[in-house]
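User: I would like to learn how to read a model like this one feature by feature, with the general idea before the particular case. Could we take the features in turn once the structure is in view?

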Amino acid sequence: MTNFHPDLELLTEYSAGSLPLAQAACVSIHVNQCQRCQRTAGQLCDLGASLFEALEPVAVGDDQLNAVLAKLDDEKPLEYANPGSTSKTPALLQRLMRGDFSDLTWSNIGSALRISYLKTGDPQHEFALYHIRAGGRIPQHTHRGTEMTLILEGGFSDANGSYHKGDFLVRRPGDVHAPTALQSEDCICLAVLDAPLKFTDWKFRWMNPFLKLRTA
Amino acid sequence: MLIVANTTDDEGNPLIDADGKRIDEWSECLTLIAQKQDRAAFTRLFRHFAPLMKAFALSGSTLSANHADELVQEVMLKVWQKAAGFDAEKAAASTWIYTIARNCRTDLYRRLQKFDTPLSAEDVSDSQESDEAFVVLHQKRSRDRIRGLIKELPNDQAQILVKVYMEGKTHSEVSGELDLPLGTVKSRVRLALQKLQIQLER
């Protein structure tokens, strides 16, 4: 049951195409899994289309039309089959990975957490998968920037509540928390950061100077 | 002032199909392209949409006229190629075409910035259309409602929506450009969406 969704402002920037690539990717995985957000995004896209149709047209010459017509023969119409993928990994993530979650390169951070960085090409954002062992706790940390989190498998809880598969969360600068994965299963989530985390837990503070944004 | 295109023929009569349903000319063109590779239908579509695409390409961006022309050609070729993926029962032709134009423009920006990414804008756009009849009907109603209500938006709200959608600016870029506090920009967008009755479902 998905209880947490992107807000309307985020969906608006998403549908207008103005979100940075890594953030747009994260929002799109949620939207494609969530019918409620899909309907809202659909309306926001219709809004864009209405604005598009209301633009003041700029003349396009017949030479342009002829140039396109001349190319049509080379462009075979595409037949659309249903994608019908059976994988439970979202299609967009599959494009960024080779193989499965287990085939990725993971870096261990303590005993409960490991991280795998994926390359989106967005120079301003880190796009990473977090794997938290069942019942494992991520050391308390604060956010220097904005963090988007999408839960792909399992779930976690922190002082503010508990979150499950499909939930989409945004943490703002200064939000402090120490998420703990559900006891029943491992948690895998996608996190998109525009600034490194900062550990507030004294045992992990030594790491702070070494935390850099990995946009790969 | 926003003027919204209508779905009538040259004499101003609404287009009616054999079952007496009103259909829109552009859906019909896309269907003809998909089924018969109809060049006349493609030409009609081009004459209507290419000038809008060019306007969209030049909106608030630094694209040169050459790049704008390149974009128009690219989008129109995509329209030709993908027409079979258009479903007139589920989507509006204008929304379908706008989505292609938006994605191609984003990809062109990224190419020009030498962005090295395995993802295209289409990969990160929401692509799924619902199969459920009531959802389809609901979407169609909301689309007609948005088209109607958008004309009644106060100018200060419409102007910001144009910057966000047509110029592809973030809320904070709009705030800088219009010299308005970010909160004002956000609240105008919020008010506009409220008037258009676009909201998150609970």
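User: How many residues of domain 1 of chain B are in contact with domain 2 of chain B?

Analyst: In this predicted model, seven residues of domain 1 of chain B are in contact with six residues of domain 2 of chain B. Domain 1 covers 15–128 and domain 2 covers 130–202, and their centres, taken over C-alpha atoms, are separated by 21 Å.

User: By class, which residues make up the side of domain 1 of chain B that touches domain 2 of chain B?

Analyst: That side of domain 1 has two nonpolar, three polar and two charged residues.

User: How many residues are in the largest nonpolar core, and which of them have the most contacts inside it?

Analyst: In soluble globular proteins, nonpolar side chains tend to be buried together. Here the largest nonpolar core has 96 residues, and those with the most contacts inside it are A:Ala25, A:Cys26, A:Leu150, B:Met53, B:Val72 and B:Val75. The largest share of this core, 11 residues, comes from helix α2 (residues 39–58) of chain B, and the core also draws at least three residues from each of domain 1 and domain 2 of chain B. For B:Met53, leaving aside its neighbours within four places in sequence, the residues in contact are B:Leu71, B:Val72, B:Val75 and B:Ala101.

User: How many residues does the contact take from chain A and from chain B?

Analyst: The size of an interface is often given as the accessible area lost when the parts come together. Counted here by residues instead, the contact takes 55 from chain A and 69 from chain B. On the side of chain A that touches chain B, the elements giving two or more residues are α1 (8–16), α2 (21–33), α3 (35–53), α4 (62–71) and α5 (91–96) of chain A, and α3(A) gives the most, with 17 residues. By class, the residues of this side divide into 29 nonpolar, 15 polar and 11 charged.

User: Where is A:Ser18 placed, and is this residue buried or exposed?

Analyst: A:Ser18 is in the loop between α1 and α2 of chain A, and because it has 21 other C-beta atoms within 10 Å, A:Ser18 is buried, the cut-off for that class being 20 or more. Not counting residues up to four places away in sequence, A:Ser18 touches A:Glu13, B:Val164, B:Gly168, B:Lys169 and B:Thr170.

User: How do the strands of chain A pair, and which order does the open sheet of three strands have?

Analyst: Strands of a sheet pair through backbone hydrogen bonds, either parallel or antiparallel. In chain A, three strands form an open sheet in the order β9-β4-β12, with antiparallel pairing, and the edge strands are β9 (176–177) and β12 (197–199), each of which pairs on one side only. Two bridges join strand β4 (residues 141–143) to β9(A), and A:Thr142 stands opposite A:Val176 in β9(A).

User: How many bridges join β6 of chain A to β7 of chain A?

Analyst: Four bridges join β6 (residues 155–158) to β7 (residues 161–164), and these strands of chain A run antiparallel. β6(A) and β7(A) form a hairpin with two residues between them, and the bridge partner of A:Gly155 in β7(A) is A:His164. β6(A) is also joined by two bridges to strand β10 (residues 180–181) of chain A, again antiparallel, where A:Phe156 has A:Ala181 as its bridge partner.

Key
Residues are numbered from 1 along each chain as its sequence is written. Chains are lettered from A and ligands numbered from 1 in the order in which they are written. This is a predicted model: local features need pLDDT of at least 70, side-chain atom pairs count only at pLDDT 80 or more; totals for chains, interfaces and linings use all residues. A nonpolar core is a set of buried Ala, Val, Leu, Ile, Met, Phe, Trp, Tyr and Cys residues joined through C-beta atoms within 7 Å. A residue is buried if 20 or more other C-beta atoms lie within 10 Å of its own, exposed if 12 or fewer, and partly exposed in between; C-beta atoms are placed from the backbone. Domain bounds come from an automatic or database domain assignment. Two residues are in contact if their C-beta atoms, placed from the backbone, lie within 7 Å. Ala, Val, Leu, Ile, Met, Phe, Trp, Tyr, Cys and Pro count as nonpolar, Asp, Glu, Lys and Arg as charged, and the others, Gly among them, as polar. Two strands pair if DSSP finds at least two bridges between them.
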